[in-house]
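My notes follow the display.

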Amino acid sequence: MKFTITLSTLFLLFTTNLFSQTIADLKLKPKEIPKGGYMVSDGNICITPQACNFYNDIETYSNIVGTVKNKAIQSFKSKADRGSIMYFEFDHVFKGDRFLQGLLWGKAGEPTAEHPEEYLAKGKFLIIWSLQANSPLKEKSETKLETLLQ
């Protein structure tokens, strides 16, 4: 009997962490922005138009990817780097992996120098990094999200 209660408690703790997160928790805080002269910018600074179109017109794709509950964007500029991180929270688990891969990368099916966007889909959350692959911002955000969305 105790074993069942303990196992149930552990399951609840692990799942509560994922489902209790909000987009505000996922965004980079000012103290988390890497050194290097980064400035926060309004609007979007996507590397490719496909990523920005997806963010701006997400409702158009709702039949394919699911209904968005909340969304937010963070954009940054520095002398050596620029781009946006897009955050989406869906009503249900994100279901548009294949569609998003085709939209972002086309026939390549994976990030390229011309289309470097990467994304993470975990439960109800989708994060798209419209940044160069070697961006310190991407690395910092990715590390934070891997910890929060285990």
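Angles are taken between N-to-C directions and run from 0 to 180 degrees. The model is a predicted one.

Entry 1, the sheet. I found an open sheet of five strands in the order β1-β2-β3-β5-β4, with antiparallel pairing. β1 (39-41) and β4 (118-122) are at the edges; each has a single partner strand, so one side of each lacks a neighbour in the sheet. On average, neighbouring strands are turned by 20 degrees against each other, direction ignored.

I looked up the pairing of β1 with β2 (residues 68-77) and found three bridges in the antiparallel sense. S41 is placed opposite S75 of β2.

α6 (residues 136-148) lies across β2, β3 (82-90), β4 and β5, and runs at about 165 degrees to β5.

I checked its length: 13 residues at 1.5 Å a residue should span 18 Å, and the end C-alpha atoms are 18 Å apart, which agrees. Which residues of α6 are buried? I list L137, K138, S141, K144, L145 and L148. They cover an arc of only 135 degrees around the axis, and therefore sit on the same side of α6. The face turned away from that buried side carries exposed E139 and E146. At the start of α6, a side-chain oxygen of S135 comes to within 3.2 Å of the backbone nitrogen of L137.

Conventions
Residues are numbered from 1 along each chain as its sequence is written. This is a predicted model: local features need pLDDT of at least 70, side-chain atom pairs count only at pLDDT 80 or more; totals for chains, interfaces and linings use all residues. Side-chain values use heavy atoms; hydrogens and water are left out. Two strands pair if DSSP finds at least two bridges between them. Helices (H or I, at least four residues) and strands (E, at least two) are DSSP runs, numbered from the N terminus. Contact means heavy atoms within 4.5 Å. The expected span of a helix is 1.5 Å times one less than its number of residues. Buried means under 20% relative accessible area, exposed over 50%, partly exposed in between (1.4 Å probe, protein chains only). The arc is that of the directions from the helix axis to the C-beta atoms. A polar contact is a pair of N or O atoms within 3.5 Å; within protein, one must be able to donate a hydrogen and the other to accept it, and residues adjacent in sequence count only if both atoms are side-chain atoms.
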